[in-house]
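Please keep the sequence and the structure in view while reading.

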Amino acid sequence: MATKIPVTVITGFLGSGKTSLIRHLLQNNQGRRIAVVVNEFGELGIDGELLKSCQICPEDGNSDTNIFELTNGCLCCTVQEEFYPTMQELIKRRDSIDCILIETSGLALPKPLVKAFRWQEIRNAATVDAVITVVDCAAVAAGTFASDPDAIAAQRQADDNLEHETPLQELFEDQLACADLVVLNKIDLVDAETKARVEELIKQELPRVVKIVESDNSQLDASILLGFQAAVEDNLDSRPSHHDTEEDHNHDEEITSTNLVLDRTFDPEKLQQELEKLAQEQEIYRIKGFVAVPNKSMRLVMQGVGTRFDKFYDRPWKPEEARQTRLVFIGRDLKSSEIESLLVAL
């Protein structure tokens, strides 16, 4: 029987740097033939397009054969409906694939996905090489995804039965608990003391010894990220989850996404200023998309986590494509009409 295809599951919260990590791996693949499955929260395939624009495509020029997009659904909830058919298609091509990368949505639990690799149809042909959890150091330091560790410790000492976890904190902890490697990303945005505090917080949440590597822009060598041979599907008992006793788990239904497509250009600085205001006025966790810029032949990628933004030009606009501005907003109880009105008036 042919060797099983190694699969690396890349998880992490919204905006932690998962897509950048995969993009860097594709651009520095060291001869590996890599297939990618990307799962997005929202209908616009922003992350998939970003990966396809990395300039690393098969010889036939059709990157669609290497990158599979599962949109508008959480992989941990749609394993049977969406993920299983995709894996069947990839397994058929196992002789032409060296490894598979799966980018989960920022709202996905990794453990239910890994369990799918126990299914006989998948188990015989693929194995989970490792689960890599990407953490936004600056966001955690700001308390966006985890409470202050000292305050949590004080509360637990006062009352061990006290409930002080939010759904987002549980998700953050579950993603860490399943990890074989933690990438502490965006360390360039914090000082040494803050970085050490975040690292200590992460260690407190890890159920076993797990290596933590640092990165400032998801720029890590493939030798660090691939080749663990962990067979994760066989040792899930060592990876506890808040949802282990549940038949199904529920996401916070107030966390939604809204998409905005505008046939117009924007001044990047003015647009960013407006988006920063929106992130302060509404509970927006993530903004990502493409922007058409006046007098620019290249497409601008704009990404935001809370009120922190970064942007870069990824590729020239194709002659046949519309120069549209397309943005996805992910947050709690979003007011879509207000978002659209503010940007249309800009």
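Strand S6 (residues 181–185) is mostly covered, with five of its five residues buried, where buried means under 20% relative accessible area with a 1.4 Å probe and protein chains only. Strands and helices here are DSSP runs, of at least two residues (E) and at least four residues (H or I) respectively, numbered from the N terminus. This is a predicted model, in which local features need pLDDT of at least 70 and side-chain atom pairs count only at pLDDT 80 or more, while totals for chains, interfaces and linings use all residues. Residues are numbered from 1 along each chain as its sequence is written, and side-chain values use heavy atoms, without hydrogens and water.

**Faces of S6**
- In a regular strand the side chains alternate between the two faces of the sheet.
- Leu181, Val183 and Asn185 lie on one side of S6 and Val182 and Leu184 on the other, and all are buried.

**Neighbouring strands**
- Strands pair if DSSP finds at least two bridges between them.
- S6 runs parallel to strand S5 (residues 126–136), joined by five bridges; Asn185 in S6 stands opposite Asp136.
- Four bridges pair S6 with strand S7 (residues 211–214), also in the parallel sense, and Val182 has Ile212 of S7 as its bridge partner.
- Together with helix H9 (residues 192–205), S6 and S7 make a right-handed β-α-β unit: with the strands pointing away from the viewer, the path from the first strand over the helix to the second runs clockwise.

**Lining of the largest cavity**
- S5 supplies four residues, the largest share of the lining.

Conventions
Buried means under 20% relative accessible area, exposed over 50%, partly exposed in between (1.4 Å probe, protein chains only).
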